[in-house]
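Here is a quick tour of one model, written for someone who already has it open in a viewer. Have a look at it first, then read on.

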Amino acid sequence: DVDKVDEKDKNLPGATLQLIDENGNVVDEWVTTDTTHQIQKLVVGKEYTLHEKKAPAGYATADDVKFTVTDTSKPQHVEMIDEIIKVEISKQDITTGNELPGATLQVVDSTGKLIDEWVTSDTPHRIEGLLVGETYTLIEKLPSAGFVTAEEVEFTIEDTPEIQKVVMQDEYSEVEISKQDIT
């Protein structure tokens, strides 16, 4: 039995998996559903590799899982876990590097579709499930009081379970004051 699950141990549909033998031959290939996939007639004592050819949308590709078939009449269970793509967006004061609350930010995809909008706080904002290989744009709709609007930041999602960090920095508004003699 082979299960493809998410971080919460729930069956994860939409992954393309392959079972590969010791010689590199593909023994089975399937797209996961919300039920367990069964494979029969594997050779006892042989090592097999469960390989994720394509992860479901919004998830990072899992590492290969190697296992050896044991001599038992009971079903053997193999599980592969996918982690959801995680992006942490930090809005910082350019001079201090501290989080900058009060700015209104948006993330849009390459077609301009709004993915998320929020007002910044003193902690970074997290977005989950963005698509691997897709380029997104971080836009500041309204800066924090006393700051100027930052330039847009483009970022592309990598195929990794690690948290991907995106930083946007704001500069203080500058005002030049001049005291002059009337003459």
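## Ground rules

This is a predicted model, so to speak of local features takes pLDDT of at least 70, and side-chain atom pairs count only at pLDDT 80 or more, while totals for chains, interfaces and linings use all residues. Residues are numbered from 1 along each chain as its sequence is written, and side-chain values use heavy atoms, with hydrogens and water left out.

## The 3-2-4-5 sheet

Let's start with an open sheet of four strands, in the order 3-2-4-5 with antiparallel pairing. Strand 3 (26–31) and strand 5 (65–68) sit at the edges, each pairing on one side only. On average, neighbouring strands here are turned by 20° against each other, direction ignored. Those angles come from axes that are lines fitted to C-alpha atoms (for helices over the stretch in contact), and they run from 0 to 180 degrees between N-to-C directions.

Strand 2 (residues 16–20) and strand 4 (residues 47–54) run antiparallel and are joined by five bridges. Across that pairing, Gln18 stands opposite His51 in strand 4. As for terms, strands (E, at least two residues) and helices (H or I, at least four) are DSSP runs numbered from the N terminus, and two strands pair if DSSP finds at least two bridges between them.

## The 9-8-11-12 sheet

Another open sheet has four strands in the order 9-8-11-12, again with antiparallel pairing. Its edge strands, pairing on one side only, are strand 9 (114–119) and strand 12 (153–156). Neighbouring strands of this sheet are turned by 20° against each other on average, direction ignored.

Which residue stands opposite Gln106 in strand 11? That is Ile139. The antiparallel pairing of strand 8 (residues 104–108) with strand 11 (residues 135–142) runs over five bridges.

## The largest pocket

About 280 Å³ of space lies in the largest pocket. A pocket here is an open set of points on a 1 Å grid over the protein atoms alone, with protein on both sides within 12 Å along at least five of seven lines; a cavity is a set where a 1.4 Å probe fits but cannot get out, and lining residues have an atom within 4 Å of a point. Grid points are joined across faces, edges and corners, and the volume is the space filled by probe spheres set on the points.

The lining has 13 residues, with Asp1, Ile39, Gln40, Leu42 and Gln76 nearest the pocket's centre. By class, eight lining residues are nonpolar, three polar and two charged (nonpolar: Ala, Val, Leu, Ile, Met, Phe, Trp, Tyr, Cys and Pro; charged: Asp, Glu, Lys and Arg; polar: the others, Gly among them).

## Salt bridges

The structure holds 10 salt bridges, each a side-chain nitrogen of Lys or Arg within 4 Å of a carboxyl oxygen of Asp or Glu. Lys4, Glu52 and Asp82 are linked in a network of them. Lys86 forms one with Glu83, the closest N and O atoms being 3.5 Å apart. Lys86 counts as buried at 8% relative accessibility, while Glu83, at 33%, counts as partly exposed (buried is under 20% relative accessible area, exposed over 50%, partly exposed in between, with a 1.4 Å probe and protein chains only).

Glu88 and Lys165 meet through their side chains at 2.9 Å, N to O. Glu88 lies in strand 7 (residues 86–93) and Lys165 in strand 13 (residues 164–170), so this pair ties together parts that are 77 residues apart in sequence. Lys165 is exposed, with a relative accessible area of 60%. Asp170 forms a salt bridge with Lys91, with the closest N and O atoms 2.3 Å apart. That pair links Asp170 in strand 13 to Lys91 in strand 7, 79 residues apart, and both Asp170 and Lys91 are buried.
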